[in-house]
Amino acid sequence: MDSASRIRVLPENLANKIAAGEVVQRPASALKELIENSLDAGARSISVDLESGGARRIRVRDDGEGMGRDDALLAFERHATSKISSEKDLHAVVTLGFRGEALPSIAAVSKVVLTTRRRGEPLGSEVRIEGGRIIRAVEMGAPEGTEIDIRSLFFNVPARRKFLKTKNTELARCAEVVSRAAMAHPGTGFVLRHGDRTLFDLKTTEKRLERAAELLGKESLPHLIEIPGAERDGIRLGGWAGAPTLTRSNRESQYFFVNGRPVRDRLLVHAISKAYRSFLPGGRHPVFSLFLEVAPEEVDVNVHPGKEEVRFRRGGVVHDFVHDSVMSVLGSPPRRPRLIVHKPNGLGIPTPPLGASRPGGFRGPDLLGGGGYIPGMDSGAETLVREEGPLPAVAAGVSPVDGISPLNAGPGRLSADEVAAADPAFRQLPHGSFPLDRVLVPPDPSCPVRLSECRYMGQWAECFLLFESNQGLVFVDQHAAHERVLYNRFRDQFRTGVVERQAALVPQSISLRPEEALRLDEHAETLERSGFELEFVGVGEYLVRAVPALLADRDPAGAVRRVVEGLADLDEPMSFPDLIDGIIARMSCKGAVKAAHSLHPEEVASLVEEIDKTPGRWTCPHGRPIMLLMTEGPVRRRFLR
């Protein structure tokens, strides 16, 4: 019997690299730890210099209290810290850092030079470390405070280095780290540079609102609603919640701090999302900067290696308090009409009460179709009303039996009765009834509808154009149709390099957050080729001087912002054609005629002409159907004929 031990103690250098992986996942992780150390040291000024998104170099300089020679060496020992000394301290943490893991973990996977001098002492110290090994430690002249210069992150862990994203993606993550620290500590000045370019320079201020305006954008200021120091059960909440008129397509403009610590906590996110639920359309997210203060012993900050999550002793109380506080400044949710879908008449359309008047047809504001807008909402908050998931086979014009369309008459086609016999779903419905997605179907690709050969019957609900054809009644979503026309036209312009643009009589200004400005600069050439002319006027500030002609009478600054927001989630490298395609689709949506917009017959005739000569007229660029067909068969069945 083999008695050899299979369990062994790992070598120290290997154990350190494994531990480093828990704390230092990317350049932004290392930068976060260094900034927290600077803030804990009482820094009033923090300067950050990066190269290659932080992968090549991260240098953080502060004017904090500094360290003596012995402390400079001890700082690189695992679990060495000046911030806690007993188990009791661990249950009431008041500093940002406390584990004593950051510096040794960073030093284990990089080349580090620490230069520091304690206030009032004549000499400072320099410590050089490579891969966790101390190379040099000397006394020398140095300015007060601390400077940590990290080079070649993950130089000795190539497997981890290859998983880093692109330079600009990593830089955007670093900018976000600095932004969140700056938002929480307006009394500290922050400078962020990448190479020889200054991304932002934030001066010290005693007013949180000034710092919030700098980071959220000056145009956001009128839409921020102050939460005036709400307090309950020893818990205090302050800051600003964005009005429902201020939304984003992602969560990057959401700042939440617990005792000055930036966190991403699911409990808090749920509380705020619930407060905004009845105010925002799908796909839009609120903007806020909120500061929660609780007794240190009421919150556990030691539940995540990166200290980004916390656990509250009274989670339910905190959740309800945050929700109620945000709701109190937003006001009671407005009463909105809702479309209640049931099938009393087999068509999925609710039966109106007797005597109910519906001029112009069924015009519920929520029922606006592809790309429609909910009236009364901010122009920046589009809501797409769409069916989720793939269409059933019959809805696509194909029967589940032999791939034959049941809803178009003709040789070899199944009748409705035959489909009912073949499809169990039909047998479960009341006699003569059809679900709506089997009544309204896309035209058969083998027999396309040409609208110019149909008779125009009128506009319904100021959203859908109705035509009579020999195949049945044709419904056309005017926004989706125009969007496809503009998309194809603009795509062809871009491919030939002759995008029509129009100069703005009065240039519009747009203010972007640092990470948004980075994305804009990264794709500046793409935007220029798309017809935009942007002028850089300051850190995060641009003027829109020219726009594509199709946006001339729209919202140029809003179009630019939506393009930038659309790039926010692109962590992976994207091909140039794919990137252009996304920009063109967004611009086409912005320029297309909207739902809830009345069209004159002349405008309809012009749109019909464009649709008939536009390739790919089955869907809009986002996949919503342009036209649906209601055949005669289901109507006859409903009339028992």
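Predicted model: local features only at pLDDT ≥ 70, side-chain atom pairs only at ≥ 80, totals over all residues.
Which residues other than glycine have a positive phi? I noted D233, with phi near 50°, and N259, with phi near 55°. D233 is in the loop between β9 (224–232) and β10 (235–242). N259 also turned up in a loop, the one between β12 (254–258) and β13 (261–262). I checked the accessibility of N259 too: at a relative accessible area of 32%, N259 is partly exposed.

Stepping back, I count 20 helices and 25 strands in the protein chain. The chain has 641 residues, and 49% of them are buried. For contacts between residues at least 6 apart in sequence, I find that 69% join residues at least 24 apart. The exposed surface comes to about 31500 Å², with carbon and sulfur atoms supplying 52% of it.

Next I traced an open sheet of eight strands, and its order reads β5-β4-β3-β6-β2-β1-β7-β8. The pairing is mixed. Which strands stand at the edges? They are β5 (133–140) and β8; each has a single partner strand, so one side of each is left without a neighbour in the sheet.

One pair I wrote down is I58 with its bridge partner I150 in β6. A reminder to myself for picking side chains here: in a regular strand they alternate between the two faces of the sheet.

What lies across β2? I found α2 there, and α2 also lies across β1, β6 and β7 (189–194). The angle between α2 and β2 is about 10°. Helix α7 packs on the sheet as well, touching β1, β7 and β8, and its direction makes about 175° with that of β7.

I then took α7 (residues 167–184) on its own. Its 18 residues reach 26 Å from first C-alpha to last, close to the 26 Å expected at 1.5 Å a residue. Is α7 largely enclosed or largely open? I count 15 of its 18 residues as buried, so α7 is largely enclosed by the rest of the structure.

Side chains of opposite charge can pair when their charged atoms come close. My search of the whole structure gave 30 salt bridges. I picked a few to write up.

R44 and E206 meet through their side chains at 3.8 Å, N to O. R44 is in the loop between α2 (27–40) and β1 (45–51), and E206 is in the loop between β8 (197–202) and α8 (208–216), so this pair ties together parts that are 162 residues apart in sequence. R44 is partly exposed, with 44% relative accessible area, while E206 counts as exposed at 67%.

E51 and R57 form another salt bridge, with the closest N and O atoms 3.7 Å apart. Buried or exposed, where does R57 fall? I get a relative accessible area of 14% for R57, so R57 is buried, as the cut-off for buried is under 20%. E51 is partly exposed at 26%. This pair belongs to a network of salt bridges that links E51, R57, D149 and R151.

The last pair I wrote up is E610 and K613, with the closest N and O atoms 3.9 Å apart. E610 is partly exposed at 22%, and K613 is exposed at 54%.

Methods:
Residues numbered from 1 in each chain as written. Heavy atoms only, no water. Helix = DSSP H or I, 4+ residues; strand = E, 2+ residues; numbered from the N terminus. Expected span 1.5 Å × (residues − 1). Buried < 20%, exposed > 50% of the residue type's maximum accessible area, 1.4 Å probe, protein only. Salt bridge = Lys/Arg side-chain N within 4 Å of Asp/Glu carboxyl O. Contact = heavy atoms within 4.5 Å. Areas by Shrake-Rupley, 256 points an atom, 1.4 Å probe, with all protein chains shown as cover. Pairing = 2+ DSSP bridges. Axes fitted to C-alpha atoms, helices over the stretch in contact; angles between N-to-C directions.
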